[in-house]
Amino acid sequence: MSRADLRDLGLENVGLDPGAKSVRTDARMRAADGLWAAGDVTGHGAFTHVAMYEAEIVAREVLGEPGPGADYRALPRVTFTDPEIGAVGLTERQARDRGLRVRTGLARVPSSARGWIHKAGNQGLIKLVEDADRGILVGATTAGPAGGEMLYGVAVAVQAEVPVETLRHMIYAYPTFHRGVEDALRDLVSGG
């Protein structure tokens, strides 16, 4: 993976390290007094949506408008391949590396009604990662048709720390790829 080249930005003139891998910022995207950074240089992901998110925070800060600081716990990532790969929050390994007691749930797209209807090209999965001690999702991975589109609901759940029990008792539209989240929740609770 490539990273931003900071050497020619003159960061040494404002007390920052031009040899660093990224420009470190606080939650308000401030890198130094009177200096903000947004986008690839911050190291939070080389995604257009990250740059747009950070730029909005910078604009509010510069204009003195209120608003929340940066929060990356539900950072969505999508690779537009066939099948589409999407992820939000922590992977199982990242959650375990942070010392969380993890439960996972898995649903396979071909096992769902929508996967069956879709026929060719229906391969894929939905994997959920739960912080078992808090009973909330901390991450999800999707692969398959509309893999990136399926992230929205789980991204909201991760960001808002919606209890898994609440998610289990929601109504999921039928037949949709997103309904696979319900199957993955069932697998998570049953212990796989």
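Tutor: Keep in mind that this is a predicted model. We start with Arg60, which lies in helix α1.

Student: Is Arg60 buried or exposed?

Tutor: The cut-off for buried is under 20% relative accessible area. Arg60 has a relative accessible area of 14%, so Arg60 is buried.

Student: Leaving aside its neighbours within four places in sequence, which residues is Arg60 in contact with?

Tutor: Arg60 itself belongs to helix α1. With neighbours within four places in sequence set aside, the contacts of Arg60 are Glu65, Pro66, Gly67 and Pro68.

Student: Which residue forms a salt bridge with Glu61?

Tutor: Side chains of opposite charge can pair when their charged atoms come close. For Glu61 the closest N and O atoms of the pair are 3.3 Å apart, and a salt bridge needs them within 4 Å. The partner of Glu61 is Arg30.

Student: How many residues apart in sequence are the parts that this pair ties together?

Tutor: Glu61 lies in helix α1 (residues 48-63), while Arg30 lies in strand β1 (residues 30-32). Arg30 is partly exposed, at a relative accessible area of 37%. The pair therefore ties together parts whose separation in sequence is 31 residues.

Student: How many salt bridges are there?

Tutor: The rule asks for a side-chain nitrogen of Lys or Arg within 4 Å of a carboxyl oxygen of Asp or Glu. By this rule the count is 15 salt bridges.

Student: Which residues are linked with Asp71 in a network of salt bridges?

Tutor: Asp71 pairs with Arg73, with the closest N and O atoms 2.6 Å apart. Asp71 is partly exposed at 25% relative accessible area, and Arg73 is partly exposed at 34%. The network links Asp71 with Arg73, Asp131, Arg134 and Glu161.

Student: In the salt bridge of Arg179 and Glu182, how far is it from N to O?

Tutor: Arg179 counts as partly exposed, at 27% relative accessibility. Glu182 is buried, with a relative accessible area of 15%. The two side chains meet in a salt bridge, and from N to O it is 3.2 Å.

Student: Which residues of α6 are buried?

Tutor: The buried residues of α6 are covered by elements that include β5, β6, β7, α4 and α5. Within α6, the buried residues are Gly180, Val181, Glu182, Ala184, Leu185 and Leu188.

Student: Which strand gives the most to the lining of the largest pocket?

Tutor: The largest pocket holds about 430 Å³ of space. Of its 20 lining residues, Tyr72, Arg73, Gly89, Leu90 and Arg98 are the closest to its centre. By class, the lining has 9 nonpolar, 6 polar and 5 charged residues. The strand that gives the most, with 3 residues, is β7.

Student: What is the volume of the largest cavity?

Tutor: There is 1 cavity of 30 Å³ or more. Ala107, Arg108, Val109, Ser112, Ile126, Phe177, Gly180 and Asp183 line the largest cavity, with β5 (102-108) and α6 (180-190) each supplying at least two residues. The lining divides into 4 nonpolar, 2 polar and 2 charged residues. The volume of the largest cavity is about 40 Å³.

Student: Is Gly19 buried or exposed?

Tutor: Gly19 is found in the segment before β1. The cut-off for exposed is over 50%. Gly19 has a relative accessible area of 51%, so Gly19 is exposed.

Terms used
Residues are numbered from 1 along each chain as its sequence is written. This is a predicted model: local features need pLDDT of at least 70, side-chain atom pairs count only at pLDDT 80 or more; totals for chains, interfaces and linings use all residues. Side-chain values use heavy atoms; hydrogens and water are left out. Helices (H or I, at least four residues) and strands (E, at least two) are DSSP runs, numbered from the N terminus. Buried means under 20% relative accessible area, exposed over 50%, partly exposed in between (1.4 Å probe, protein chains only). On a 1 Å grid over the protein atoms alone, a cavity is a set of points where a 1.4 Å probe fits but cannot get out, and a pocket is an open set with protein on both sides within 12 Å along at least five of seven lines; lining residues have an atom within 4 Å of a point. Grid points are joined across faces, edges and corners, and a volume is the space filled by probe spheres set on the points. Ala, Val, Leu, Ile, Met, Phe, Trp, Tyr, Cys and Pro count as nonpolar, Asp, Glu, Lys and Arg as charged, and the others, Gly among them, as polar. Contact means heavy atoms within 4.5 Å.
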